[in-house]
Amino acid sequence: ITGGAPELHPQFRELVARARGLGVQGIDRCNLTILEEPGQDDLGLFLRENQVEIIGSLPCYTEELVERQRGRGVYQTSIRALQKLNTLGYGRELPLNLVYNPQGPSLPPAQAKLEADYKRILGEQHGIVFNKLYTLANMPIQRFGSMLVSKGKFGAYMELLHASHRDENLASVMCRSLVSVDWQGYVYDCDFNQMLGLPL
């Protein structure tokens with residue numbers, strides 16, 4: 001379940017609990033700072049009780065870069081949220097994964113090396129453990145696509161994506177086995193289609 005802060009939807013918990021009752025494995029694409037929002041004190045516990053996998057957005061392991069992208073205070077709030085999730089068993093008994101995507105018209109670095117850097121630095125500096133780091137390339141749509149067009153970089157970025165295609169990556173494309181549910185309850189077969197407003 002994704003969409004910025006899906007946990008704020010009034011029926012988020014009902015959806016999660018009912019899906020769990022049907023044997024569906026839920027995944028919460030979580031911006032982490034939500035865990036410190038008013039009224040969300042028990043969110044981590046609720047997710048644990050429903051065995052929800054968490055994919056937390058943490059655009060970098062350094063405070064400077066996170067705050068440049070997301071704003072002042074976001075890094076420390078995210079770190080506290082990850083530590084809280086660790087105390088609930090996430091990163092050990094339950095899956096806690098992080099996601100990285102580059103900010104400009106470039107591809108992410110190699111996933112395995114970046115994951116090792118994230119684990120080393122977050123572990124050494126904050127005692128945080130997590131399972132996997134996912135690196136994503138930005139799709140040239142919506143706000144990002146408009147920015148590329150306005151700066152005259154859309155064509156070059158499309159060429160970079162095309163030249164970087166690898167058939168061996170097709171088996172791990174998330175849109176083949178996941179659905180996305182937006183804050184209004186509409187269902188999409190890919191979160192990129194969600195951003196384009198193309199529901200099932």
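**From a surface patch to the buried interior**

Met158 is partly exposed, with a relative accessible area of 36%. In this predicted model, the residue belongs to helix α7, which covers residues 154-163. Together with Val149 and Phe154, Met158 forms a nonpolar patch on the surface, and the three residues contribute about 250 Å² of accessible area together.

The chain contains 8 helices and 6 strands, and their order along the sequence is α-β-α-β-α-α-β-α-β-α-α-β-β-α. Along the principal axes, the C-alpha atoms occupy a box of roughly 45 × 40 × 35 Å. Among contacts with a separation of 6 or more, 65% are made by residues 24 or more positions apart. The accessible surface amounts to about 11,500 Å², and carbon and sulfur atoms account for 54% of that area. Of the 200 residues, 36% are buried.

Ser57 is part of strand β2, which spans residues 53-57. Ser57 is classed as buried because its relative accessible area of 10% falls under the 20% cut-off. Beyond the neighbours within four places in sequence, Ser57 is in contact with Arg29, Cys30, Asn31, Leu32, Arg70 and Val99. With one of these residues, Arg29, the contact is also polar: the side chains of Ser57 and Arg29 meet at 3.5 Å. Leu88, by comparison, stands 31 residues from Ser57 in sequence, and the two C-alpha atoms are 18 Å apart in space.

Asn50 is located in the loop between α2 (43-49) and β2, the strand in which Ser57 is found. Although Asn50 lies in a loop, the residue counts as buried, because its relative accessibility of 13% is likewise under 20%. Its side chain reaches back to the backbone oxygen of Phe46 at 3.0 Å. When residues up to four places away in sequence are set aside, Asn50 touches Val16, Ala17 and Arg20.

Methods: Residues numbered from 1 in each chain as written. Predicted model: local features only at pLDDT ≥ 70, side-chain atom pairs only at ≥ 80, totals over all residues. Heavy atoms only, no water. Patch = residues over 30% accessible without salt bridge, like charges linked within 9 Å, V, L, I, M, F, W, Y side chains within 5 Å. Areas by Shrake-Rupley, 256 points an atom, 1.4 Å probe, with all protein chains shown as cover. Salt bridge = Lys/Arg side-chain N within 4 Å of Asp/Glu carboxyl O. Helix = DSSP H or I, 4+ residues; strand = E, 2+ residues; numbered from the N terminus. Buried < 20%, exposed > 50% of the residue type's maximum accessible area, 1.4 Å probe, protein only. Contact = heavy atoms within 4.5 Å. Polar contact = N/O pair within 3.5 Å; in protein donor to acceptor, adjacent residues only side chain to side chain.
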